[in-house]
Amino acid sequence: MNRQEPVAVARVARQQSTGSTGPRSSDWPPSTSNSRAPQAGAGNPHYAARRQSSNDSACSAQATPEHCDLHCKVMLLGDSGVGKTCILTRFRDGQFLSGNYITTVGIDFRNKMVTVDDSQVKLQIWDTAGQERFRSVTHAYYRDAHALLLLYDVTNKQSYDNIRAWLGEIREYAQDDVVIMLLGNKCDCGSERIVRREDGQRLANEYKVPFMETSAKTGLNVELAFHAVARELKARANKQEGGDSDDARFNVQDYLRQHQSQRNSCLSSNCLTT
């Protein structure tokens, strides 16, 4: 099915009724044409939308045309406070959200174009609320995602323990072939660390998903995570279309091992909310 792409950033404020079945699932590969995600409007009372900068506009007739070879939807998942919004802001804007900020309500997204070899891949990155009361809203978006970045906070054992529950929800609501990556965030908080890197790696091995630690504060491995996902999705799309053998042989875990920093964890003793 063709999916149309939103022109503005959408924020899901609340689910006002129970009659909606949510966004439609779509066939692989990711869209290579203009598409639109669930929109707010008179015909869809479940979502409230707000306008954002035209920099977030996608390849659409209403916006300035922007070449993209592949359009992929990526969701950030995890408990509230693990740093999903900060990871997104670091990747998209190269900034760190220090201090207090407003917790994500429902769903928010940003667009960013990345270059993979000679192709332009547009990542539409959905930032989700981690609170339980918004789960019924976010579940509807799982089916439309091509990749899921699942975060926990290395200074918060509960967020790590809840990863199994998140993976259970992914298994229930997401597509069977969705790309999943596990990220242990806030690894710059050396003195506050509770979850060892080895624990994260062991959990990732159990579920057979790629894993690495990240820091929105320092930027460690943030770009790498999104670029690895973009490469994996491009390789899958090319393979589906009978592309070249190099893409067919691409392995995201090998890519991460080759490009990760020599440091396995951050050593900074300064801890901010990342």
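## Overall picture

Of the 274 residues in the protein chain, 52% count as buried. The model is predicted. Its accessible surface comes to about 12,800 Å². Carbon and sulfur atoms account for 43% of that surface.

The protein chain holds eight helices and six strands. Read from the N terminus, the elements run β-α-β-β-α-β-α-α-β-α-β-α-α-α.

## Strand S4

S4 is mostly covered, with seven of its seven residues buried. In a regular strand, side chains alternate between the two faces of the sheet. Both faces of S4 are covered. One side carries Ala-147, Leu-149, Leu-151 and Asp-153, all buried.

S4 pairs with S1 and with S5. Four bridges join S1 to S4, and these two strands run parallel. Here Met-75 stands opposite Leu-148 of S4. Seven bridges join S4 to S5, again in a parallel arrangement. In that pairing, Ala-147 has Val-179 of S5 as its bridge partner.

## Helix H1

H1 spans residues 84-93 and is mostly covered. Eight of its ten residues are buried. They are Lys-84, Thr-85, Cys-86, Ile-87, Leu-88, Thr-89, Arg-90 and Phe-91.

Just after H1 comes Gly-94, with a positive phi of about 70°.

Lys-186 is not a glycine, yet its phi is positive, at about 70°. This residue lies in the loop between S5 and helix H5 (197-207). Is Lys-186 buried or exposed? Its relative accessibility is 6%, so Lys-186 counts as buried.

Asn-221 also has a positive phi without being a glycine, with a value near 65°. Its place is in the loop between strand S6 (211-213) and H6. Asn-221 counts as buried because its relative accessibility is 11%. The cut-off for buried is under 20%.

Key. Residues are numbered from 1 along each chain as its sequence is written. This is a predicted model: local features need pLDDT of at least 70, side-chain atom pairs count only at pLDDT 80 or more; totals for chains, interfaces and linings use all residues. Side-chain values use heavy atoms; hydrogens and water are left out. Buried means under 20% relative accessible area, exposed over 50%, partly exposed in between (1.4 Å probe, protein chains only). Accessible areas come from the Shrake-Rupley method with a 1.4 Å probe; for residues, only the protein chains shown count as cover. Two strands pair if DSSP finds at least two bridges between them.
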